Amino acid sequence: MIDQFLLGLSVVMQPNVLVYAFIGVFIGQLIGVLPGIGAVTAISLLLPVTFYLDATTSMIMLGGIYYGSQYGGSIASILLNLPGTPSSVVTCLEGYPLSRDNRAGLALFVAAFSSFVGGMIGVAILVLAAIPMTVIALRFGAPEYAMLVVLGLLAASLIGTGSQIRSFAMVVLGIALGLVGADQTTGYYRFVAMPELADGISLVSLAMGLFGISEIIRHAAVRSPPGSPLPIGIRDVLPTRAQARSLAMPILRGSAVGSFFGTLPGTGAAIASFMSYAMERRFSRTPEKFGKGHLPGLAAPEAANNAAAQTGFIPTLTLGIPGDVVMALIIGALILNGIVPGPRLMTEQPELFWGVIASFFVGNIILLLINIPLIRLWVLLLRIPYQKLYPVIIVMICVGVYSHRTSVTDVVLTLAFGVLGYLMKNYRFEPAPVLLGFVLGPLLEDNFRRAMLIYRGDFTVFVTRPISAILVACSMALIAFAIWSGIRACRRAVRSSH
Amino acid sequence: MIKTLLTALPLALALAAPSVAQEFPDRSLRIVHGFGAGGNADTVSRIMAEAMSAELGQPVVVESRPGAGGTVASGYVAGEDGDGYTMQLLVGGHAVAAALYNELPYDSVNDFTFLSTLGQFPFFVAARAGEYESITDLIEQARANPGSIIVGHSGVGSTQNLTGELLDLQTGAEFIHVPYQGGAAAATALLGGEVNMIIDTGTVITGQAEAGVFDVLAVTSAERWPDAPDVPTLSETVAPGFDVMSWTALGAPAGVPDDVVAILSGAIANALSQPDVQERIAALGAAPGGSTGAELQALIERQIAVWTEVIDAAGIERR
């Protein structure tokens, strides 16, 4: 493994390859910051450029855009409550309160550093365990996915800060929104009020509306940012020793969760970040601090989504089968270069395979190096008065959302979701559970119905297949734990009242 | 003064020229398609745009209007002027949509001027290596034990799905058809052992087949495919007369004048004759090849009829 990794490094360290690795992560970082414009848009725009590059350099550049955008995505989330990528929705939850509290610099540093550690752990797993991880991923069939999503929904049921029932209502709203479009099992149209909705509501437009636009509406009345000059000295950016110590475990846990979810084709970074956030809250001794700018709640999901962005390449590289749209585009670049992606890529094109992996290693270091100095600049952005900043941001959101599917309907919907998000905040409903339901609901439905089709309506399949059974057991344990801690809290309340 | 006049003279001539010559095309053209940027349809559009721009001496812009299986783009193009400046990249899905949708905002044949096919490609039937001796073996097992063979496909109403249903109808195999989100997910399910067979394009299957992970059992075209001469056709083995090929083509809104059609068709033919263009289309798994507009229209009409029959017989929900 190490020899091959060194071979990869020797490929990346060629100056012309290194330049494209830098271009890739830099563009990725940039489009991650821009609200609404995702890696898909950037990669498809740059795909024609790869006609003129060789396969290895193309993949290194396009891959860099992908994980670079995960880094960039956290910046707009922290500063402006604008999730630049779906996976950075969770970053908003703790990052934005920190920024409102004049601690944007610290939040950006923690996000960048957690991303770096998560990314590096993801790369390490890619180097050391790509094949075993592939074997595990292939054992995930429809029943396993369905039960995994159930576990995810359960674990995340505490993701909101308000009351359980409100958060549950929002999950259901999210699921309903996720059902719009053609039903995957029968092709039947559900809630398709107009033809433009046939492919469903776009996740980007929902996230941008509920988080970004609603926040802008809320601040429309406020004149300017909080008066006090923003602290941007190096001491304001670095965490204290105690803070740093409290972050070590969350970052490691986040990286582990992210590395695992990344390898499952089709789930990816967004679910990884939701899951790790929910897990931190579960394990935390101070769950009441979450939602108000708690650093571990920022660090863990950041580590998770960047680890997932790296291990997401495992099925793509080892099987030659793309896990999601971004991977499909990257594989497309290989095909255009006359390389047939498949399981033999590793043995037949070792320089490409290991060169790409080594480029992730180098790319993560580049990203850390360009991110730390930029923190100062990003924080200065907050000094721009709202009345000048917000119109620009609204235009950027509209352009970003439009660029996804070149759909005007999506832009109008984004603005409508903004109003919805504003009303929800006024009535103390959280937007995060809506997104969770939106992402996980359809995934559960598809896989549950697929499992029922394949196993002819036999429900026992969920407990007779080993991995599925383990997931069911985890869900049960989680429910038991919730009941037990509920009873304990009740008893304590009774005892203290005596 | 004289200097100014001398500068202005060529400019005035240049401005006057188009109204004198009335040559088509005198401004930029565009190719609209109904799929995401970066997908195969987009790539073919860009290859053709580049080559046709060189032929016609005007820029050709690619415009993506994705949605509802390409029908959003078709509806848009059907409503544009048939002046030849707007073209559409059509794919096999155009014929499928005509059969699958209850109410399309356009007539799939009469609202279009068909120009030329660009390439055709078959689908391949694949299973895990060593699981079945041959396609005949697979179909016999299916018939002996109805409902035992699970076919993964790339989505309800996709050409891959309908091809599987057609095979089912012609052989009486009684497959269970399971939808996945795209061919890649179906291929992963085949690798993981969740389904027994998939039907998809060479781009999805070839890599796994070359690595010895999948066996390619059959090809859906009437004749054996030149790139895979050892793979038997469905027609010669289990389903006599079976012939499914998907295609990409160029069309335009209805009513393009004949002389403009001639100019466009000429440009397409010249573009397709370039080795570079052929190579890049072939890299996407298709056999590059042009046709007349009438041949393209006949192909589309034939496929609409076949798919309508399959959708009725298989009981697939119309949209």
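Colleague: In strand 7 of chain B, which residue is the bridge partner of B:His153?

Modeller: This is a predicted model. Strand 6, residues 150–153 of chain B, pairs with strand 7 of chain B in the parallel sense, over four bridges. In strand 7, the bridge partner of B:His153 is B:Pro179.

Colleague: Which strands stand at the edges of the open six-stranded sheet of chain B?

Modeller: The strand order of this sheet is 2-1-3-10-4-11, with mixed pairing. Inside that order, strand 1 (29–33) and strand 3 (86–91) of chain B run parallel and are joined by three bridges, with B:Val32 bridged to B:Gln88. The edge strands have a single partner strand each, so one side of each is left without a neighbour in the sheet; they are strand 2 (60–64) and strand 11 (287–288) of chain B.

Colleague: How many charged residues are on the side of domain 1 of chain B that touches domain 2 of chain B?

Modeller: Domain 1 of chain B comprises 28–121 + 245–313, and domain 2 comprises 124–243; their C-alpha centres lie 27 Å apart. In the contact, 12 residues of domain 1 of chain B meet 11 residues of domain 2 of chain B, and helix 4 (93–100), strand 10 (245–253) and helix 12 (293–314) each supply at least two residues of the domain 1 side. By class, that side has eight nonpolar and four polar residues, and its charged residues number no charged residues at all: none.

Colleague: Which element of chain B gives the largest share of the side that touches chain A?

Modeller: The contact between the chains takes 34 residues from chain B and 42 residues from chain A. On the chain B side, two or more residues come from each of strand 7 (176–179), helix 7 (183–192) and helix 8 (202–210). The largest share, six residues, comes from helix 7 of chain B.

Colleague: Why is chain A described as being as compact as a globular protein of its length?

Modeller: The secondary structure of chain A comes to 22 helices and two strands, and 55% of its 498 residues count as buried. The globule rule gives 23 Å for 498 residues; chain A is as compact as a globular protein of that length because its radius of gyration is close to this value, at 22 Å.

Colleague: Is A:Leu336 buried, partly exposed or exposed?

Modeller: A:Leu336 is found in helix 15 of chain A, residues 325–336. Leaving aside residues up to four places away in sequence, A:Leu336 touches A:Thr50, A:Phe51 and B:Ala283. A residue needs 20 or more C-beta neighbours within 10 Å to be buried, and 12 or fewer to be exposed. A:Leu336 has 18 inside 10 Å, so A:Leu336 counts as partly exposed.

Definitions and conventions
Residues are numbered from 1 along each chain as its sequence is written. Chains are lettered from A and ligands numbered from 1 in the order in which they are written. This is a predicted model: local features need pLDDT of at least 70, side-chain atom pairs count only at pLDDT 80 or more; totals for chains, interfaces and linings use all residues. Two residues are in contact if their C-beta atoms, placed from the backbone, lie within 7 Å. Domain bounds come from an automatic or database domain assignment. Ala, Val, Leu, Ile, Met, Phe, Trp, Tyr, Cys and Pro count as nonpolar, Asp, Glu, Lys and Arg as charged, and the others, Gly among them, as polar. Two strands pair if DSSP finds at least two bridges between them. The radius of gyration is taken over C-alpha atoms; the globule rule is 2.2 Å times the number of residues to the power 0.38.
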